[in-house]
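Please look over the structure below before reading the notes. They are grouped by topic.

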Amino acid sequence: MAQVFMKEEGGEYYTWPSPEFSVLSEAKLGAGKLVLRPRGFGQPHYADSSKIGYVVQGSCTVGLISGNGSEETVLKINEGDAIAVPLGVISWLFNGGDSDLIMVFMGETSQAYTPGIFSYFFLTGAMGVLTGFSPEFVSKVYGITEKESKTLQISQTAKLISKLDDGIKLPEPSIRISQKFAFNLDHNDCSSFNFNAAENSPFELSANLVKLDAGSVFGPVFTKDSSFQMIYVIRGSGRIQIVGGNGKLALDSEMEAGQLFVVPKFFVAVQIADGQGMECFSVVTSSKPRFGRLTGNASAWETLPSSLVQASLNVTPQLVKLLKSEN
């Protein structure tokens, strides 16, 4: 489970620490969970990693500044929405509702300072970049007095998340959702979201939402390219098995809400929902992932001739027929 990294009046931020979750650093992946209380405000920041956030609960307003920084996009995102936050994009979040906002972020950390961890750079607050400069430098940069510079540097005492007074009004969303940054995944049993940045460098992540009824099975499935998959259990419970090279079982685990799983590239995974069903959000480290399946109409068993399947498995024609019909 995620551990509390920072807890403040406006909310909390959770991480999956690399020492306890070494697979993240080994695969150069990252994950975090944000909880914003009512009136909670995530300070303006940028990060050293690209990521996709999914709204598990609640809603919030998000501001994003991309490109050369001359234009801001302000969005309203609700439960079931996914939002892309490319490397270096400045963003902020505000929960103007009456209930908590919960978001999970997953992405890749190949360019991060510390593999497996998102490093954030804040424009404001007690950990903001302005606090590191001397008052003399700040006064020269902004054309203010050194006294005013000190006020600018120390007035905001919150580190990551502050709680705003009722009288403070933030920008209203210009649109509820933008295809450039966000997409709703909450309307289908298996939905996907792909994003490409406006800049020359593509955003090499995509997302999927899988909803399983009680006792339903998803898989066996594997990535046919060199991409990894991170799976976050939103609600419900079940079980997952992952098989790697040489037919070795790499993982056999129960799945519960709030847990994070990583499927290595080319490994085969199967998820089975318990009696209450299960809903999972996943991020794949490719903007156009290619999946291989071992069940369903597009599976290898269905495509291969029956005689070849029989020879490969060394079974009777009757069992091959049963395998294909059930498949």
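This is a predicted model: local features need pLDDT of at least 70, side-chain atom pairs count only at pLDDT 80 or more; totals for chains, interfaces and linings use all residues.

Residues are numbered from 1 along each chain as its sequence is written, and side-chain values use heavy atoms, with hydrogens and water left out.

**Salt bridges**

- A salt bridge is a side-chain nitrogen of Lys or Arg within 4 Å of a carboxyl oxygen of Asp or Glu; by this rule the count is six.
- Glu12 and Arg37 form one of them, at 2.7 Å from N to O.
- Glu12 is in strand β2 (residues 11-15) and Arg37 in the loop between β3 (29-36) and β4 (40-47), so this pair ties together parts 25 residues apart in sequence. Helices (H or I, at least four residues) and strands (E, at least two) are DSSP runs, numbered from the N terminus.
- Arg37 also forms a salt bridge with Asp100, with the closest N and O atoms 2.3 Å apart.
- That pair links distant parts of the chain, since Asp100 is in the loop between β9 (90-94) and β10 (101-108), 63 residues from Arg37.
- Buried means under 20%, exposed over 50%, and partly exposed in between (1.4 Å probe, protein chains only).
- Asp252 in strand β18 (residues 249-256) and Arg239 in strand β17 (residues 229-243) are 13 residues apart, and their side chains meet in a salt bridge of 2.7 Å, N to O.

**Helices α2 and α3**

- The axes of α2 (residues 135-142) and α3 (residues 146-154) come within 8 Å and cross at roughly 105 degrees. Axes are lines fitted to C-alpha atoms, for helices over the stretch in contact, and angles run from 0 to 180 degrees between N-to-C directions.
- The contact (heavy atoms within 4.5 Å) includes Pro135 and Val138 of α2 and Leu152 of α3.

**Sequence and space**

- Gly80, in the loop between β7 (72-78) and β8 (81-85), is buried at 0% relative accessible area.
- Gly80 and Phe281 are 201 residues apart in sequence and 9.7 Å apart in space, C-alpha to C-alpha.
- Glu279 and Leu164 are 115 residues apart in sequence and 33 Å apart in space, C-alpha to C-alpha.
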